[in-house]
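Here is a short report on a single chain. Look over the sequence and the model before reading on.

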Amino acid sequence: MKKIKIDLILIATLRPEILEITLNSFYHKLLKNFNVRLIVNVDPIGDTRYTQQDVINICKKYFPNIVSNTPKEPSFSKAVLWCWQQINSKIFFHLEEDWCLKSKVNIKKVLTLFQNKQVVSVRLNITRNSKRSEEHTSEL
């Protein structure tokens with residue numbers, strides 16, 4: 001199966017140990033199935049023992065195709081805005097540095113969901129979302 005191109009948006013700070021756990025879990029349980037272009041914003045806040053380049057180096061362990069932004073001042077809203085402005089793929093995935101994917105995602109189910117023209121977003125939940133009706137939810 002040919003890998004589908006997606007943009008992966010990552011909002012990060014100076015916490016490379018946490019980012020390593022996040023990228024390792026998402027790469028092996030979902031993202032290795034895609035041809036990923038990583039769009040990462042690394043805000044200069046967090047553990048002062050590390051630099052923005054240290055965080056980018058962790059990203060390079062998993063994704064060779066990286067677009068990065070290393071602002072001088074931290075701003076979560078500006079980071080999100082910058083990342084979203086870089087998107088050029090039909091499907092993209094928003095990720096934050098402290099998320100962990102515990103279960104392997106069924107890639108065929110994910111792609112099937114996107115074939116429905118009424119689907120505009122897919123969210124991975126830690127538990128079932130009781131606020132949504134069953135017709136709008138699917139186990140991935």
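Is arginine 123 buried or exposed? Arginine 123 counts as exposed because its relative accessibility is 58%, and the cut-off for exposed is over 50%. The model is a predicted one. Arginine 123 sits in the segment after α4 (107-115). Histidine 94 is 29 residues away from arginine 123 along the chain. The C-alpha atoms of these two residues are separated by 9.7 Å.

Now the fold. The chain has four helices and four strands. Along the sequence they follow the pattern β-α-β-α-β-α-β-α.

β2 and β3 pair in the parallel sense, over four bridges. Within the pairing, isoleucine 39 has valine 67 in β3 as its bridge partner.

The elements of this unit are listed here.

| Element | Residues |
|---|---|
| Strand β2 | residues 34-46 |
| Strand β3 | residues 66-69 |

Next, the chain as a whole. It has 140 residues, and 35% of them count as buried. The chain exposes about 9300 Å². Carbon and sulfur atoms supply 52% of that area.

Methods: Residues are numbered from 1 along each chain as its sequence is written. This is a predicted model: local features need pLDDT of at least 70, side-chain atom pairs count only at pLDDT 80 or more; totals for chains, interfaces and linings use all residues. Side-chain values use heavy atoms; hydrogens and water are left out. Helices (H or I, at least four residues) and strands (E, at least two) are DSSP runs, numbered from the N terminus. Buried means under 20% relative accessible area, exposed over 50%, partly exposed in between (1.4 Å probe, protein chains only). Accessible areas come from the Shrake-Rupley method with a 1.4 Å probe; for residues, only the protein chains shown count as cover. Two strands pair if DSSP finds at least two bridges between them.
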